[in-house]
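Me: I want to learn how to read a model like this one. Show it to me, then take me through it feature by feature.

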Amino acid sequence: MELYLDSANLEHIRQAESLGILSGVTTNPSLLAKEDPKVDVKKRILEIYKLVGGHLSVEVISTETTGMLKEAYDILKWFPEATIKIPMIPAGLSAVRKLSDDGVPTNVTLVFSANQAIAAQNAGASYVSIFMGRLDDISLESARVLEDICQIWEMHEYDSEIIAASIRNPIHLTQAAMAGAHIATVPYNVLMQSLKHPLTDSGLKSFLDDYNRLQTEISKLQPNRIEIVKPNLTKPAPKTNKRGAIKKQGL
Ligand code: G3P
């Protein structure tokens, strides 16, 4: 399962990218507004792409097919590598069909059921984003929904990629991988939390403590250091008598 960062925060994207485990970034209007309500979207998206270089989903805000298509083609003018994120509404499906026919990659977002996912696949979506956290928020078991969708994908050999989104905790991340999602898009705090384990921290502490103890013992056991003077091999060594006194040369 590939990992994307679900963020529009440059510092978080830079930090996560430095780990060498990211394949892309997903954004949405809420994430962009969270950073700065007056953010220059075009500038921010291009900055993110410069940092990550892989998949980058950019969402349209129109709710009409023509508006979505206009926005999508505008985005593609200044960012030809964009994956266009389209909401899972009937008008969105028509936009996905047109973009797909034109060879533009799309990510259908706000998908909460197997039937919505199947519709997105049939419209020609490249990616289908299933929102786990928001399903759990209304007491629907997100892991179960995602498992069903992944099973359907396998049975029918669908070619779009399933993105597990709205990931709120490390358990969601594991559940997404177990279900067979191709990608999980993860907020920075969850990504960092998922790397940590108390046994890793305590194990590392004891390795380092033991190493330091070992160094202390070794330095205690070392005999007094003896200064060894190397003989000068270019000149013959001065002759000494039996007691080691240097004999005066030539006398
Ligand atoms: O990728 C979708 C994500 O940003 C939504 O997350 O936590 O607002 O449901 P959340």
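Me: Start with the core. How many residues does the largest nonpolar core have, and which have the most contacts inside it?
Reply: In soluble globular proteins, nonpolar side chains tend to be buried together. A nonpolar core here is a set of buried Ala, Val, Leu, Ile, Met, Phe, Trp, Tyr and Cys residues joined through C-beta atoms within 7 Å. Buried means 20 or more other C-beta atoms within 10 Å of the residue's own; exposed means 12 or fewer; partly exposed is in between; C-beta atoms are placed from the backbone. The largest such core has 55 residues. Val128, Ile130, Leu146, Ala164 and Ala181 have the most contacts inside it. Helix H8 (residues 142-156) gives the most to this core, with five residues. Helices (H or I, at least four residues) and strands (E, at least two) are DSSP runs, numbered from the N terminus.

Me: What should I know about the model itself?
Reply: It is predicted: local features need pLDDT of at least 70, side-chain atom pairs count only at pLDDT 80 or more, and totals for chains, interfaces and linings use all residues. Residues are numbered from 1 along each chain as its sequence is written.

Me: What does Val128 touch, leaving aside neighbours within four places in sequence?
Reply: Contact means C-beta atoms, placed from the backbone, within 7 Å. On that test Val128 meets Val108, Val111, Ala117, Ala120, Gln121, Ser160, Ile162 and Ile163.

Me: How many helices and strands are there, and what share of residues is buried?
Reply: The protein has 11 helices and eight strands. Of its 251 residues, 33% count as buried.

Me: How do I read a helix pair? At what angle do H1 and H3 cross?
Reply: The axes of H1 (residues 10-18) and H3 (residues 41-52) come within 10 Å and cross at roughly 10°. Under 35 degrees is roughly parallel, over 145 roughly antiparallel, 65 to 115 roughly perpendicular, the rest oblique. So H1 and H3 are roughly parallel to each other.

Me: Which residues meet there?
Reply: Leu10, Ile13, Arg14 and Glu17 of H1 meet Glu47, Ile48, Leu51 and Val52 of H3.

Me: Now backbone angles. Where does Ser166 lie, and what is its phi?
Reply: Ser166 is in the loop between strand E7 (161-165) and helix H9 (170-179). Its phi is positive, about 50°, although Ser166 is not a glycine.

Me: Is Ser166 buried or exposed?
Reply: Ser166 is buried, because 21 other C-beta atoms lie within 10 Å.

Me: And Ser139: where is it found, and is it buried or exposed?
Reply: Ser139 is in the loop between helix H7 (132-137) and H8. Its phi is also positive, about 65°, and it is not a glycine. Ser139 counts as exposed, because it has 6 C-beta neighbours inside 10 Å.

How values were computed: Axes fitted to C-alpha atoms, helices over the stretch in contact; angles between N-to-C directions. Contact = placed C-beta atoms within 7 Å.
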